[in-house]
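Here is a briefing on one protein model. Please look over the sequence and the fold before reading on.

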Amino acid sequence: VIGSGGLPKYTVFGDTVNFSSRMESTSLPMMVQCPHRTFKLLRNSQEFSFDFEERKEEGQLGVYVKGKGQTMTYWLKGYTDIAAQDTTNEDASALNKEVDNLDSDIEATGSNFRDKRVSFQE
């Protein structure tokens with residue numbers, strides 16, 4: 001329902017809204033539950049790696065959803081940003097190259113100053 005004050009401006013209904021409501025009502029506090037179709041879409045993401053756990057209720061996989069029957073659902077436990085990991089590794093590589101360049105500059109000047117070598121990789 002979208003709108004403010006008094007009657008809503010728009011009312012959205014249908015299978016998608018009903019199913020979303022069922023996902024919410026059968027979920028647990030502070031948990032993200034998603035159906036199999038959403039699981040398949042997220043599993044194939046090129047940007048994120050998602051961590052899922054199959055939901056089991058009373059020894060059965062999934063959860064009973066009124067109007068749908070037994071439905072396979074998953075708990076979304078977390079995710080990793082794949083692009084950020086790549087950037088972190090690239091950044092660490094660039095910093096290590098800078099340290100190598102500084103070492104070369106120090107050696108070229110004939111300075112006796114030597115700093116402890118630091119690696120920026122995690």
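Predicted model: local features only at pLDDT ≥ 70, side-chain atom pairs only at ≥ 80, totals over all residues.

Residues are numbered from 1 along each chain as its sequence is written, and side-chain values use heavy atoms, with hydrogens and water left out.

**Overall make-up**

- The protein has three helices and seven strands. Both are DSSP runs numbered from the N terminus: helices are H or I with at least four residues, strands are E with at least two.
- Read from the N terminus, the order of elements is α-β-α-β-β-β-β-β-β-α.
- Of the 122 residues, 19% are buried. Buried means under 20% relative accessible area, exposed means over 50%, and partly exposed lies in between (1.4 Å probe, protein chains only).
- Accessible surface totals about 9800 Å², and carbon and sulfur atoms hold 51% of it. The areas come from the Shrake-Rupley method with a 1.4 Å probe; for residues, only the protein chains shown count as cover.
- Among contacts with a separation of 6 or more, 50% link residues 24 or more positions apart. A contact means heavy atoms within 4.5 Å.

**The three-stranded sheet**

- Three strands form an open sheet in the order β1-β7-β2, with antiparallel pairing. Strands pair if DSSP finds at least two bridges between them.
- β1 and β2 are the edge strands; each has a single partner, so one side of each has no neighbour in the sheet.
- On average, neighbouring strands of this sheet are turned by 50 degrees against each other, direction ignored. Axes are lines fitted to C-alpha atoms, for helices over the stretch in contact, and angles run from 0 to 180 degrees between N-to-C directions.
- Seven bridges join β2 to β7 (residues 73-81) in the antiparallel sense. Glutamate 54 stands opposite tyrosine 74 of β7.
- α1 packs on the sheet and touches β1 and β7, with its direction at about 140 degrees to that of β1.
- Helix α2 (residues 36-43) lies across β1, β2 and β7, at about 100 degrees to β1.

**Arginine 55**

- Arginine 55 sits in the loop between β2 (48-54) and β3. Arginine 55 is buried, at 5% relative accessible area.
- The side chains of arginine 55 and glutamine 33 make a polar contact of 2.8 Å. A polar contact is a pair of N or O atoms within 3.5 Å; within protein, one must be able to donate a hydrogen and the other to accept it, and residues adjacent in sequence count only if both atoms are side-chain atoms.
- Beyond neighbours within four places in sequence, arginine 55 contacts several residues, including Ser27, Leu61, Val63 and Trp75.

**Glutamate 57**

- Glutamate 57 belongs to strand β3 (residues 56-57) and is partly exposed, at 29% relative accessibility.
- Neighbours within four places aside, glutamate 57 contacts Gly62, Val63 and Tyr64.

**Positive phi angles**

- Most residues other than glycine have a negative phi.
- Methionine 30 has a positive phi of about 65 degrees. Methionine 30 lies in the loop between α1 (15-26) and β1 (32-35) and is exposed at 85%.
- Glutamate 58 has a positive phi of about 55 degrees. Glutamate 58 lies in the loop between β3 and β4 (60-61) and is exposed at 80%.
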